[in-house]
Amino acid sequence: MNTAAIVLAAGEGSRMKSKHSKVTHCILEKPLVRWVVDAAKQAGVEKVITVVGHGRDEVEPLVSDTITVVQEQQLGTANAVAVCKKALEGFEGSLLVLTGDSPLVTADTLSALIRTREENQAAVVVLTMVVDDPFGYGRIVRDANGNVERIVEQKDATPEQQAITECNSGFYCFDAQALFEALEQVKSNNSQGEYYLTDVLEIARNAGRPVLAQVVDDPTECLGVNTRVQLAAAGKKMQQRINTAHMLAGVTMIDPDQVWIGPDVTIGMDTVIYPDVTLSGACAIGQDCVLGPDVHLCDERVEDGSVLSA
């Protein structure tokens, strides 16, 4: 079945305290929005649309391999998706909607989301997470049988709903036609005066279409970046993920917390890496090498058996 994705990257991100668009900030020298676009492409998505707005001149060059659509006014997530209707004219199939400030989501999770929707012919599958502190997140409201009824935003939630710990991640897989039909019914009668994409779930359910939730195995995949503190936390998680993958593939790290490796770096087996090593860009490190301490390389090729130190 056909697949497409919309990446929402139009917001200002005022809590970053920056003159730059939030999604242009980097983890391991790679912009936040690029992590999300690449995850969608690795999941097999054939058509990616990026919604831009604030700081679009900065964002557009980072996603030049996608179709860019401009959200002129920040009227909410439903409006951000609705402006993509023309770009998706005639499209039928699974449509991911992703947030451009959540860089830790994996291609495997996105593939599973698509698969669940298609196997169940659902109108939508929302990726959810169970967290200890749900403050600020939309809550997943289920009926007595455990079926998803709707998503209630923090500011609109009752005290009982605020106690729910299953939360919306901001990632969805929709039936494209069902989505755009439902968007025509979304209203802005909420505390923010915005058009919420989350309202589509209740609309689809009332129309008799299956509405499902898929709980993510690792809630950190859904970590959004709104502040510099969260940027650092996401960077640390990505560092751990990349370093763990290399160690499981046969690379020794004396202290993984002090090694920074970019997503496009390759390293051969039995290489040993000492603290304070940074490998970025398209570095290709051979087998049986020794790197560091204090080695910093970018786009370099290191032959098998090499020993490098500062």
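Q: Taking two strands as paired when DSSP finds at least two bridges between them, what is the bridge partner of Thr266 in β17?
A: It is Ala284. This is a predicted model, in which local features need pLDDT of at least 70 and side-chain atom pairs count only at pLDDT 80 or more, while totals for chains, interfaces and linings use all residues. Residues are numbered from 1 along each chain as its sequence is written, and side-chain values use heavy atoms, with hydrogens and water left out.

Q: And what counts as a strand or a helix?
A: Both are DSSP runs numbered from the N terminus, with helices being H or I over at least four residues and strands being E over at least two.

Q: How many bridges pair β14 with β17?
A: Two bridges, in the parallel sense, with β17 covering residues 284–285.

Q: Which strands form the open sheet there, and in what order?
A: The order is β14-β17-β20, three strands with parallel pairing. Because β14 (266–267) and β20 (301–302) each have a single partner strand, they stand at the edges, and one side of each has no neighbour in the sheet.

Q: Changing topic, is β1 largely enclosed or left open by the rest of the structure?
A: Strand β1 (residues 3–9) is largely enclosed, because seven of its seven residues are buried; buried means under 20% relative accessible area, exposed means over 50%, and partly exposed lies in between, using a 1.4 Å probe and protein chains only.

Q: Which residues sit on which side of β1?
A: Thr3, Ala5, Val7 and Ala9 are on one side, and Ala4, Ile6 and Leu8 are on the other, all of them buried, so both faces are covered. In a regular strand the side chains alternate between the two faces of the sheet.

Q: Which strands does β1 pair with?
A: It pairs with β6 in the parallel sense over six bridges, where Leu96 is the partner of Ala5. Six bridges also join β1 to β4 (residues 47–52), again running parallel, and there Leu8 is partnered by Val51.

Q: What about the nonpolar cores; how many residues are in the largest one?
A: It has 36 residues, and those with the most contacts inside it are Ile6, Val81, Leu88, Leu95, Tyr172, Leu183 and Leu197. The largest share, six residues, comes from α6. A nonpolar core here is a set of buried Ala, Val, Leu, Ile, Met, Phe, Trp, Tyr and Cys residues joined through side-chain atoms within 4.5 Å. Another core lies apart from it, with 32 residues, among them Val23, Val59, Ile114 and Val131.

Q: What does Tyr172 touch?
A: Leaving out residues up to four places away in sequence, the list includes Leu95, Leu113, Val125, Ile151, Leu197 and Leu201, where contact means heavy atoms within 4.5 Å.

Q: And Asp175, is that buried or exposed?
A: Asp175, which is found in strand β10 (residues 166–175), is buried, with a relative accessible area of 15%. Not counting residues up to four places away in sequence, Asp175 touches Gly93, Arg117, Ala122, Ala123 and Arg209, and a polar atom of its side chain lies 3.2 Å from the backbone nitrogen of Gln177.

Q: How many salt bridges does a search of the whole structure find?
A: It finds 13, a salt bridge being a side-chain nitrogen of Lys or Arg within 4 Å of a carboxyl oxygen of Asp or Glu.

Q: What does Arg34 pair with?
A: Its partner is Asp65, with the closest N and O atoms 2.8 Å apart. The two are 31 residues apart, Arg34 in helix α1 (residues 32–42) and Asp65 in the loop between α2 (56–59) and β5 (67–70). Arg34 counts as buried at 15% relative accessibility, whereas Asp65 counts as partly exposed at 40%.

Q: Which parts does the bridge between Lys85 and Glu184 tie together?
A: That salt bridge, whose closest N and O atoms are 3.4 Å apart, ties together parts that are 99 residues apart in sequence, because Lys85 lies in the loop between α3 (77–82) and β6 (94–99) and Glu184 in the loop between α6 (176–183) and α7 (199–206). Lys85 is partly exposed at 43% relative accessibility, and Glu184 is exposed at 60%.

Technical notes:
Two strands pair if DSSP finds at least two bridges between them. A polar contact is a pair of N or O atoms within 3.5 Å; within protein, one must be able to donate a hydrogen and the other to accept it, and residues adjacent in sequence count only if both atoms are side-chain atoms.
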